[in-house]
2 protein chains.
Amino acid sequence: MASPKIIALDAMGGDHGPEVVVPGAALSLERQPSLNFIFYGNSARIETALAHHPALLKASRVVHTDHVIAMDEKPSQALRRGKGSSMWLPLEAVKTGEAHAAVSAGNTGALMAISKILLRPIAGIERPAIAALWPTIHSECIVLDVGANIGATAQQLTDFSLMGAAMARAVFHIERPSVGLLNVGTEEVKGNDDVKAAHALLKSVELPLDYKGFIEGDRIGQGAVDVVVVEGFAGNIALKTAEGTARQISSYLKAAMTSSFVTKLGALLARGGFVALKEKMDPRRVNGGTFLGLNGIAVKSHGGTDAYGFASAIDLAYEMAQSDLIARLTSDIKNFHHKLSAAAQSQEQIQTSAPSTPPSVALGNAGE
Amino acid sequence: MASPKIIALDAMGGDHGPEVVVPGAALSLERQPSLNFIFYGNSARIETALAHHPALLKASRVVHTDHVIAMDEKPSQALRRGKGSSMWLPLEAVKTGEAHAAVSAGNTGALMAISKILLRPIAGIERPAIAALWPTIHSECIVLDVGANIGATAQQLTDFSLMGAAMARAVFHIERPSVGLLNVGTEEVKGNDDVKAAHALLKSVELPLDYKGFIEGDRIGQGAVDVVVVEGFAGNIALKTAEGTARQISSYLKAAMTSSFVTKLGALLARGGFVALKEKMDPRRVNGGTFLGLNGIAVKSHGGTDAYGFASAIDLAYEMAQSDLIARLTSDIKNFHHKLSAAAQSQEQIQTSAPSTPPSVALGNAGE
C-alpha cells in the first residue's frame with residue numbers, strides 16, 4: 001500500500017499562482033488519495049481556491065507568506081533575498097523532513113540555485129542536473145541534463161547516467177534501465193573528448209544500468225533507451241528544438257485541415273483521431289523537470305501550465321518520493337561513484353601517455 | 001538570364017547510385033534548362049540510366065571510374081585511397097574550374113575531408129562548416145554548423161555567421177539576412193564563454209547581416225531568423241532531434257487516423273490536407289547540406305534519398321553557383337574577418353583584466 005506522502009507546493013509560482021496550483025493538487029489527490037499538501041503563499045488566495053475542493057482542503061495546510069520570487073529574478077538575487085519566499089519555504093520543508101518533495105512552477109534558475117543551497121548535492125556529486133521526461137513512440141524516456149549546467153566532464157556524464165537510471169527505476173519501475181549517450185554519431189571516434197571518455201567508462205565499469213552506447217538525436221523520440229545522457233547546453237537545445245518542431249507540425253496540420261471544405265469535413269469526421277493525437281502530443285502530460293543529484297526531491301513545473309499540467313508535476317514528485325529515489329540514488333552513488341573515479345583516473349593515465357587524437361576524426365555525419 | 005552552370009555528380013554515392021542520381025539530375029534539368037552535368041562512376045550503369053532521359057543525355061558527359069568510396073570508410077582512409085574515385089573526381093572538377101559545383105550522396109565524413117583537401121578553406125577561415133536548410137513555418141532557414149566540427153571558438157562562430165549570411169543571400173535572395181546565435185536562453189548571461197564572446201563580437205562589429213542576438217531551439221522552426229549559428233555538436237543534435245520529432249509525430253498521426261472506421265473515413269475525405277502536410281514535412285524538399293567556407297561549392301545529399309530529393313540537392317548547388325556565392329563569401333571574409341579578429345583581441349584583453357564569471361550564472365532555463 002502507498003504510504004502517505006506530503007508535498008510542499010509553491011502556490012505563487014508560475015503565471016497563474018494558486019488558481020492553477022490548487023486545482024492541480026486537487027486533480028493529483030484524486031489519483032493518489034494518500035497525498036497531503038502544504039501550500040506556501042498568499043493564504044487568502046489559496047484558501048479561496050481551496051474552498052472549491054473540500055477533499056483537498058482536508059488534506060492540506062496553508063503557510064502564509066507575502067514574499068514571492070519574480071520570474072525574471074536572477075539566481076544570485078533570488079539566493080540573497082529569497083529566504084522566506086513561497087519558493088524557499090517548500091524546499092526548506094523538504095530539507096527538514098517536514099515534506100517529502102517540493103513542486104514549483106516558478107523561476108527555474110532561482111529554484112535550481114535555492115534547491116542546491118538548501119538540499120545540497122549528494123556526497124560525490126559535483127553537479128546536479130535537470131532531468132526532463134520526454135515522450136517517445138512507446139511511452140516516455142528521461143533526458144538529462146537539459147540545462148542545469150553548460151558542458152560536462154566524462155565523470156559528470158557518468159554521474160548523470162547513474163542519476164538518470166535511478167530516476168527511471170523510480171518513475172518507470174524498470175530495474176535495469178537502458179542508458180544512451182547522446183552524440184553526433186554512433187561510431188567510437190565520434191564526439192568530443194568528454195563524451196568519448198564517458199563512453200569508455202560506461203562500457204568498462206559494471207553499473208546498475210544497461211549501457212547501450214552512443215545514440216543520435218533522432219532516436220530519442222523512438223524510445224531507443226530509457227535514459228538519454230547529454231551535457232546541458234546540447235540537452236537544452238535538443239529539448240527546445242523538439243518542442244518547437246512539435247508546435248511547427250501542429251500548425252502545418254491545422255493549416256492543412258482547414259484548407260478546403262472537404263478537408264474540414266474530413267477532419268470533423270476524424271475528430272476522434274485528432275483528439276487522440278492532441279492527447280499524445282500534449283506537453284502537459286509529461287510536465288515537470290526534476291533536479292537530480294540533491295538530497296531531496298524538487299520538481300519544476302512549466303510556468304505557463306494549467307491545473308492538468310501542474311498535477312503531472314505533482315504526480316512525478318509523488319512517484320519519486322514513493323519509490324524512495326533519494327535513498328536509492330545515494331546508495332548507487334556511494335557504491336559506484338568511486339569505481340567510476342578509479343576507472344577515469346586510469347583512463348587519464350592511458351590518455352596522457354598516448355598521442356592525442358587529431359581533430360580531423362571529429363567529423364560529424366550530418367545529412368545521414 | 002541564367003548563365004549555363006556545370007554540375008559535377010558523384011553518380012555512385014548514396015544507397016542507390018546512378019538509378020537515383022541520373023533521374024534526379026533529369027528533374028533538376030527540367031527546372032533549370034541551362035544546366036550541364038558531368039557524371040562520375042560506372043559508365044555502363046550511368047549510360048543505361050541516361051538512356052531514359054534524352055534531354056539530360058544531351059546535357060551530360062560521363063567520366064568512367066570503378067573506384068568508389070564506401071559509406072563506412074573513415075575520412076582518413078578516404079583521403080589516403082580516395083584519389084580517382086567517383087567522389088574525388090567531381091571535387092577535382094570544381095577545383096580546376098571544369099565544374100561550378102559538386103554534389104554527392106556518399107559518405108559525409110569522407111566528402112568533407114576530401115573537399116577540404118581539394119578545395120581548401122577560404123583565406124581567413126579556420127574551419128569550414130556544414131550548413132543545412134531547415135524548414136520553417138514560413139519558408140526555410142539555414143542552420144550551421146550541423147556537424148563538421150565539435151565545438152567552436154567565438155571567432156569561428158562569427159565566421160559561421162558571415163558564411164551563413166552569404167549563403168542566405170545566395171539561396172534566399174535576402175540582401176541583409178537576420179542571424180541568431182543558438183543558446184540555452186536569451187539573456188546575456190546565458191551560454192558558455194565562446195557563445196557569450198561571439199554575441200559581444202556580433203553586436204559590436206558592423207557586418208553585412210542583421211544580428212538578432214540569442215535564440216532558443218524552439219524558435220528555429222518558427223523562422224525567427226534566416227541563419228541560425230551554433231557549434232557542430234549541439235547543431236547536429238538539434239538537427240537530428242528535429243528529424244526524429246517529425247517522424248515521431250507522423251507515426252502518432254498515422255495511428256490516430258487509422259484507429260477506427262470513422263477516423264479512417266474522415267482521413268480519406270481530408271486526404272488533400274494530408275497530402276499538403278506530407279509535402280510540407282517532406283525531408284526531400286530541403287535535402288542537401290553544404291560545406292561552407294571552402295573555395296568551391298560541394299553539396300552533400302542524404303544517402304537514402306530518391307530522385308526527387310537528389311534533385312533538391314542539385315537545385316541548391318545550382319542556386320549557390322548561380323549567385324556567385326564563393327566570390328561574395330570570399331569578399332565578405334576579406335572585408336570583415338580582420339575587424340572581427342581585432343574586436344576579439346580587444347575583448348580578450350578586457351576579459352583577462354576582469355574577474356571571471358562564476359559558473360552559477362550558467363544556469364539554463366529548462367522547462368520555461
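**Exercise 1. Contacts of L27(B)**

Task: Determine which residues L27(B) touches, not counting residues up to four places away in sequence.

Solution. The structure is a predicted model. Leaving aside residues up to four places away in sequence, L27(B) touches A307(B), Y308(B) and A311(B). Next, consider the separation along the chain: L27(B) and A311(B) lie 284 residues apart in sequence, yet their C-alpha atoms are 6.0 Å apart in space. As to location, L27(B) belongs to helix α1 of chain B. Finally, with 18 other C-beta atoms within 10 Å, L27(B) is classed as partly exposed, since the buried class requires 20 or more and the exposed class 12 or fewer.

**Exercise 2. The length and setting of helix α1(B)**

Solution. Among the buried residues are P18(B), V20(B), V21(B), V22(B) and L29(B). The cover over the buried residues includes the strands β1 (6-10) and β2 (36-41), together with the helices α2 (43-50), α3 (54-58) and α12 (307-322), of chain B.

**Exercise 3. The sheet of chain B**

Task: State the order of the strands in the open sheet of chain B and identify its edge strands.

Solution. The open sheet has 11 strands in the order β3-β2-β1-β4-β11-β10-β5-β6-β9-β7-β8, and the pairing is mixed. The edge strands are β3 (60-64) and β8 (210-215) of chain B, each of which pairs on one side only. From one strand to the next, the twist averages 25°. One pairing may be examined in detail: strands β6 (residues 140-144) and β9 (residues 227-229) of chain B run parallel and are joined by three bridges. Within β9(B), V227(B) is the bridge partner of I142(B).

**Exercise 4. The packing of α5(B) and α6(B)**

Task: Describe how helices α5 and α6 of chain B pack, giving the angle and the distance between their axes.

Solution. Two packed helices are described by the angle between their axes and the distance between the axes. Helix α5 (residues 88-96) and helix α6 (residues 108-119) of chain B pack at an angle of about 30°, and their axes are 9 Å apart. Angles under 35 degrees count as roughly parallel; α5(B) and α6(B) are therefore roughly parallel to each other. Their crossing is right-handed. On the side of α5(B), the residues that meet α6(B) are W88(B), L91(B), E92(B), V94(B) and K95(B); their counterparts in α6(B) are I114(B), S115(B), L118(B) and L119(B).

**Exercise 5. Backbone features in loops**

Task: Examine the peptide bond from L144 to D145 in chain A and in chain B, and then the phi angle of H173(A).

Solution. In chain A, the peptide bond from L144(A) to D145(A) is cis, with omega near 5°. D145(A) lies in the loop between β6 (140-144) and α7 (154-172) of chain A. In chain B, the bond from L144(B) to D145(B) is also cis, with omega near 5°. H173(A), although not a glycine, has a positive phi of about 60°. H173(A) is situated in the loop between α7 and β7 (178-182) of chain A, and it is exposed, with 10 other C-beta atoms within 10 Å.

Terms used: Residues numbered from 1 in each chain as written. Chains lettered and ligands numbered in written order. Predicted model: local features only at pLDDT ≥ 70, side-chain atom pairs only at ≥ 80, totals over all residues. Pairing = 2+ DSSP bridges. Helix = DSSP H or I, 4+ residues; strand = E, 2+ residues; numbered from the N terminus. Axes fitted to C-alpha atoms, helices over the stretch in contact; angles between N-to-C directions. Contact = placed C-beta atoms within 7 Å. Parallel < 35°, antiparallel > 145°, perpendicular 65-115°, else oblique. Left-handed = near helix turned anticlockwise from the far one by under 90°.
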